[in-house]
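Some notes on this model follow, as numbered points. Please read them with the structure open.

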Amino acid sequence: MVDFKAYLQKVGIQGNKYNTTAAGKQNTDLAKSLSLFSSASLDKIKGLDLEKLLSGADIKEIVGENATDEDAALVNMIQSFISIDEVQAMADADGNEEISEAELTQLIESIIGKDGNNGDLSMDDINNVLKELGVDLEGAAEKAVEEALKEENDKKVEEQPAKETPKASGAGEAGGAGGAGGVGGGHGAGGAGRTGGAAPTGDAKKPALSEAKGETAEQIQQDIDTKNSEIEEIEKQADQEIEEKEKEKENAMKNNGVSDEEYEAYKEKEQELENQIKGKDDEIHAQDDIISDAKSSIDSNKNFMADIDSQISENEASMSEIAADDENGQAKQTEIQGKIDNLKQEKEAKEQENQELEQKISEAEAEKTKLEGEKQQLEEQKQNLLSETLQNSEGFCKGMPEEARKGITKSIKNFDEDITKIRNEKNEKVQEAKTQITELQTKLKDAQAKEEREATLRENSVYNGSVPEELAAQIDAKNGAGFTAKVEEIAKRLNCDPADLLGMMYSESGLNSKAVNGSSGSTGLIQFMPSTAQGLGTSTAELAAMSPIEQLDYVEKFYESNLKAVGMNDGRHIEAGTLYALAFLPAYANREVLTVAGEKYYNANSGLDTDGNGDISTSDLTTRVRNKYQELLNSWT
């Protein structure tokens with residue numbers, strides 16, 4: 001569970017709607033002071049300038065020139081607390097959607113002492129209120145960070161008006177230069193300038209953080225470890241509750257005449273049954289683990305098979321574009337068919353593996369059902385043992401009326417029923433956590449096999465390796481001898497496919513280094529924005545004056561800079577859609593979904609939504625780049 005302090009640490013304690021500092025940019029001094037803060041008196045809080053606090057003024061204006069780190073932490077914690085929607089609704093007594101000084105004071109007074117200490121406002125007070133309100137702090141933290149990322153991206157992206165296909169000066173064959181919003185400033189956020197059809201109406205969806213790509217196996221394993229720790233805590237708490245119930249049962253039995261000797265004899269037999277029940281629980285958990293592992297393997301294999309199907313479809317589409325009326329065309333078709341056959345064999349192997357895993361699950365579930373039945377029998381024996389012990393006890397309820405004896409017997413048996421209920425609730429919670437672990441294990445297996453899978457898909461992709469000689473010769477005839485070879489060298493250093501880099505440049509400029517967008521001034525092979533050119537140590541005029549081969553140096557420099565800026569310069573393979581995203585919206589390049597209907601980036605670029613599902617994803621951008629490369633093949637060969 002995320003408590004309020006963890007929430008503040010996660011989003012950055014200045015990241016709330018009352019403060020203009022961007023969320024997620026953690027102020028280390030204030031973060032450090034959180035560990036020093038324990039509570040604040042009501043007088044201390046009333047001594048703050050609450051009007052300025054509510055307006056998000058500077059800390060010194062709120063507290064004074066001698067403000068300490070602890071003062072600053074207090075102010076920011078209050079601001080962050082009242083920025084939570086449920087808290088705002090609670091504080092806004094008059095319903096005018098604003099919190100006044102009086103309402104804030106009344107709120108603080110009402111929550112002080114929730115932890116039993118009536119003098120001060122503490123973190124425990126805040127956590128108790130948030131718990132009562134049912135606030136999902138983890139979800140709120142994700143939302144805050146997501147909004148902060150968007151805000152940061154907004155600052156970096158140069159706003160461009162929607163525009164017509166630009167006229168590329170001196171570029172009669174510009175082709176793909178149209179619509180390029182260009183590459184943005186600094187380390188390169190792309191301009192929101194590509195135009196398309198009307199954007200779908202309705203509320204905008206936000207790309208969730210869970211849609212982020214590039215999560216490492218180590219990070220996923222940490223999530224699994226966290227879930228396992230939650231399970232340990234659930235079991236520990238249940239064991240404590242059971243121990244308390246057992247103690248209450250012992251007292252009830254002895255207080256009603258069961259002797260120490262009788263109780264010890266009972267307890268010895270009960271413990272034996274408990275050990276057997278625990279043994280059955282352990283065996284059941286082992287079967288659960290087998291089932292969970294097999295299911296995660298099946299899901300991971302299904303994900304791989306879906307990727308294989310997509311690659312087969314791409315290869316078949318490419319093969320259909322090749323005329324087989326000469327030996328060269330026939331050879332190309334044969335090569336692609338070989339790749340398709342390889343992919344189909346890989347898919348068949350995964351299908352066979354899944355069949356074996358399904359059988360393993362079926363066997364484990366049957367064994368689990370058997371074990372659960374045996375466990376149920378042991379629990380019934382335990383209930384019977386208690387009944388026999390009470391019935392055979394010489395002193396139990398001695399001298400009491402039969403009705404009283406029956407009532408006490410029932411109340412003691414209720415302890416065992418309560419224990420069974422605690423166990424069942426524990427098992428339900430554990431099973432829920434294990435279901436989440438299964439999902440995480442699928443992600444882990446995907447991440448662990450990512451490199452191998454990508455290698456398999458690339459090896460059997462049409463868009464792999466060197467550019468066909470015929471295409472290279474014709475590109476070089478226009479852009480200079482050695483142009484294509486240099487593209488291949490750059491692609492190798494960037495760890496992307498040369499076909500994807502060519503498709504990206506063809507999409508942006510038609511492979512015309514002189515192409516200029518009349519509206520934005522974006523220039524060259526990837527339509528460098530003026531601010532981007534400046535950030536790379538040149539200008540659009542200088543870029544336009546360069547030869548195509550010379551300009552490639554700046555294409556590489558641009559991508560190196562953006563890859564580093566978003567933490568993707570770690571040797572991973574850069575897919576086609578990510579290559580495009582690094583120029584379009586680089587701050588979101590790690591995500592699958594970059595922007596959605598209703599957001600300005602989507603509305604200005606809805607033509608990039610190639611599948612028409614209301615968002616622009618890296619999958620959409622991959623389709624764009626691959627389609628453009630296919631156009632290049634068709635038009636130049």
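1. Glutamine 287 is buried, at a relative accessible area of 15% (buried means under 20%, exposed over 50%, partly exposed in between; 1.4 Å probe, protein chains only). The residue sits in helix 12, residues 260-320 (helices are DSSP runs of H or I, at least four residues, numbered from the N terminus). Glutamine 287 touches Ala364, Glu367, Lys368 and Leu371, leaving aside residues up to four places away in sequence (contact means heavy atoms within 4.5 Å).

2. On provenance: this is a predicted model, where local features need pLDDT of at least 70, side-chain atom pairs count only at pLDDT 80 or more, and totals for chains, interfaces and linings use all residues. Numbering starts from 1 along each chain as its sequence is written, and side-chain values use heavy atoms, with hydrogens and water left out.

3. Helix 21 (residues 548-565) packs on helix 22 (residues 576-584) at about 90 degrees, with the axes 10 Å apart (axes are lines fitted to C-alpha atoms over the stretch in contact; angles run from 0 to 180 degrees between N-to-C directions). Helix 21 is therefore roughly perpendicular to helix 22 (65 to 115 degrees). Helix 21 contributes Phe558, Tyr559, Asn562 and Leu563; helix 22 contributes Leu579, Leu582 and Ala583. By class, that contact has six nonpolar residues, one polar and no charged (Ala, Val, Leu, Ile, Met, Phe, Trp, Tyr, Cys and Pro count as nonpolar; Asp, Glu, Lys and Arg as charged; the others, Gly among them, as polar).

Technical notes:
Helix = DSSP H or I, 4+ residues; strand = E, 2+ residues; numbered from the N terminus. Parallel < 35°, antiparallel > 145°, perpendicular 65-115°, else oblique.
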